[in-house]
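Please read the following note with the sequence and the model side by side. Each numbered point takes up one topic.

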Amino acid sequence: NIPLVLLDSYIDKITCDCVQINNIQGAYIATKHLIHKTKNHPGHLASSYPINNFLERREGYFKAIRSSGMSTAQSITHWLTPSMDGAYSDMKELIMRKEPLASCYFADNDLIAAGAMKAFTECGYRIPEDIAIVGFDNVPISRMTSPSLTTINVPKKDMGSEAMRRLHYRIQNPNSAYTKTEIITNLIDRYSC
């Protein structure tokens, strides 16, 4: 009976309030941006871990592909560990095996994007001239990659504030209906795309 608000997550089995971002919308914006800038079919640097946020981002990616008149069957997907070092190792191995590469990619998170960028540049690819990339989360590393990473901004402070407002309301009104609040994301246009 302790008041609870889930932040950046939603679990069907738990009846409580939650505050999260709109992952589908964010991935859709990122993928449409890639298509608009490169005029090419984007690939997907996907998390090899089946986390709900990443599954929703995949849905947004495919939604953008379809709405642009492209075939999802033509999409190149590389399943990478969702950490910088893991994504780097996985991508380096794929490049060495001469797996087909896309000319641009949407990455499930900035750590995957940064790791893949490192692997691409070590193997002689230029970002964004040869391969353009858009990440997701706007974590600090996205400003420090070379070039800096175009990414989807997650308004973490706003999410935290909304979660606190909802928790305060829940304490004051313990019998009110539970809510699922989605915070909208926005694109931070830098130099990787």
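1. Pro147 sits in the loop between helix 5 (141-144) and strand 7 (150-153). Helices (H or I, at least four residues) and strands (E, at least two) are here DSSP runs, numbered from the N terminus. The peptide bond that leads from Ser146 to Pro147 is cis, with omega near 0°. Most peptide bonds are trans, and most residues other than glycine have a negative phi.

2. The model is predicted: local features need pLDDT of at least 70, side-chain atom pairs count only at pLDDT 80 or more, and totals for chains, interfaces and linings use all residues. Residues are numbered from 1 along each chain as its sequence is written, and side-chain values use heavy atoms, with hydrogens and water left out.

3. Which residues have a positive phi without being glycine? Asp8 has a phi near 60°, and its place is the loop between strand 1 and strand 2. Lys98 also has a phi near 60°; Lys98 lies in the loop between helix 3 (84-96) and strand 5 (104-107). Asp8 is partly exposed at 32% relative accessible area, whereas Lys98 is exposed at 72%.

4. Side chains of opposite charge can pair when their charged atoms come close. One of the salt bridges is between Asp137 and Arg57, at 3.4 Å from N to O. This pair links distant parts of the chain, 80 residues apart: Asp137 is in strand 6 (residues 132-137) and Arg57 in helix 2 (residues 52-67). Are these two partners buried or exposed? Asp137 is buried, because its relative accessible area is 18%, and Arg57 is buried at 3%.

5. Two further salt bridges have partly exposed partners. Arg97 pairs with Glu99, their closest N and O atoms being 3.3 Å apart; Arg97 has 47% relative accessibility and Glu99 has 31%. Asp130 pairs with Arg126 at 3.0 Å between the closest N and O atoms, and Asp130 is partly exposed at 29%. Salt bridges that share partners also join Asp17, Arg166 and Arg170 into one network.

6. The largest pocket has a volume of about 150 Å³. Its lining includes Asn1, Pro3, Leu4, Cys16, Arg170 and Tyr178. On a 1 Å grid over the protein atoms alone, a pocket is an open set of points where a 1.4 Å probe fits, with protein on both sides within 12 Å along at least five of seven lines; lining residues have an atom within 4 Å of a point. The volume is the space filled by probe spheres set on the points, which are joined across faces, edges and corners.

7. Leu4 is found in the segment before strand 1 (5-7) and is partly exposed, with 38% relative accessible area.

Key. Buried < 20%, exposed > 50% of the residue type's maximum accessible area, 1.4 Å probe, protein only. Salt bridge = Lys/Arg side-chain N within 4 Å of Asp/Glu carboxyl O.
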